[in-house]
Amino acid sequence: MSPLFNNTHMKNLWKSYTGNIIKALIASLIIPVVLILVICIAIAMLHSRTNIYNIRGSLEGEFALLGLLVIVGLLAAIGVFIWYMVNLSRFAGLQADPQDKDNIKKVFNAHIINIVGGICIFGGVMFFIYVVPQYALTVAKITPWCTLLLSIIISSMMISAYKNLSGSLNFGDRCRDGFDCLRVSAVLGLIIVVISFVSEILGGIPGDHEIRLVIQSLCNVFILILGIISIVRTFQGWSRIKNDCPYEEQVILDHSADEISTEESTQLVNALQEAMG
């Protein structure tokens with residue numbers, strides 16, 4: 001395989017993997033919105049028609065349909081996550097520098113830790129609620145702290161990885177700027193978690209209800225604004241990374257005809273010495 005063909009092939013893979021990552025991120029935003037809209041439409045239709053499923057009444061029909069929609073939405077979300085992770089792993093495999101590859105793998109591992117940690121926290125809460133409910137209140141108080149700790153670990157991994165990638169000389173300026181956008185998005189994500197944690201803690205502190213309500217409302221506004229900025233920066237980052245591939249097509253020149261043998265170079269040197277002597 002010639003160097004020119006190899007660069008073209010790697011460039012196509014670069015754009016394909018980063019493009020799929022962007023598509024997966026878009027799908028992850030669309031799925032919840034579509035699911036909510038479908039659920040609302042389904043509830044409205046079930047309320048307007050009685051005994052649509054012939055299951056003891058419309059209420060049980062609602063629960064059956066809502067359960068089905070939730071399962072479909074969950075399966076779709078799992079599929080999108082797998083699609084995102086597969087392309088992120090393949091994108092890491094494109095990196096020629098071991099440090100760049102390790103940093104992208106660190107982002108990959110952070111997502112895995114996030115999913116596994118979230119499942120463990122959710123499973124633990126459900127276990128105590130249904131198996132040992134006498135400890136459910138205590139677990140409910142500990143859960144926000146566990147979530148905060150998990151978020152700090154994940155965000156620290158991502159911030160560190162994206163910071164290293166934004167400073168790598170193996171990428172172009174626009175690509176490094178893209179990784180810096182992702183770093184900013186990770187920082188904003190951590191800030192959102194901290195604000196959510198503070199808002200939840202304040203909600204459990206006794207005091208003036210109106211003051212707590214105002215503070216929580218302000219926290220929700222900040223969370224919404226920072227969330228929108230974080231999403232925008234994420235898409236900006238991956239778009240810039242996609243459009244600044246380091247595997248650019250280059251003209252490969254063959255200088256083998258210009259090379260001379262050792263014997264010819266020795267004869268040339270001797271001839272010059274004789275001429276000068």
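Before listing any pair, I noted that a salt bridge here is a side-chain nitrogen of Lys or Arg within 4 Å of a carboxyl oxygen of Asp or Glu. I also kept in mind that the model is predicted.

**Entry on charged pairs.** I searched the whole structure and found 3 salt bridges. In one of them the side chains of Arg 176 and Asp 173 meet at 2.3 Å, N to O, and both residues lie in helix 5, 3 residues apart, which is about one turn of the helix. I then looked up how accessible the two partners are: Arg 176 is buried at a relative accessible area of 18%, whereas Asp 173 is exposed at 60%.

Next I looked at Arg 240 and Asp 177, whose side chains form a salt bridge at 2.3 Å, N to O. This pair links distant parts of the chain, with Arg 240 in helix 6 and Asp 177 in helix 5, 63 residues apart. Asp 177 is partly exposed, at 32% relative accessibility.

I also noted the salt bridge between Asp 180 and Arg 183, at 2.9 Å, N to O; these residues are 3 apart in helix 5 and so are separated by about one helical turn. Asp 180 is partly exposed at 22%, and Arg 183 is partly exposed at 24%.

**Entry on open space.** I turned to the largest pocket, whose volume is about 1200 Å³. Its lining has 34 residues, with Leu 25, Ser 28, His 111, Asn 114 and Met 158 nearest the centre. I sorted the lining residues by type and counted 23 nonpolar, 11 polar and no charged.

Key: Residues are numbered from 1 along each chain as its sequence is written. This is a predicted model: local features need pLDDT of at least 70, side-chain atom pairs count only at pLDDT 80 or more; totals for chains, interfaces and linings use all residues. Side-chain values use heavy atoms; hydrogens and water are left out. On a 1 Å grid over the protein atoms alone, a cavity is a set of points where a 1.4 Å probe fits but cannot get out, and a pocket is an open set with protein on both sides within 12 Å along at least five of seven lines; lining residues have an atom within 4 Å of a point. Grid points are joined across faces, edges and corners, and a volume is the space filled by probe spheres set on the points. Ala, Val, Leu, Ile, Met, Phe, Trp, Tyr, Cys and Pro count as nonpolar, Asp, Glu, Lys and Arg as charged, and the others, Gly among them, as polar. Helices (H or I, at least four residues) and strands (E, at least two) are DSSP runs, numbered from the N terminus. Buried means under 20% relative accessible area, exposed over 50%, partly exposed in between (1.4 Å probe, protein chains only).
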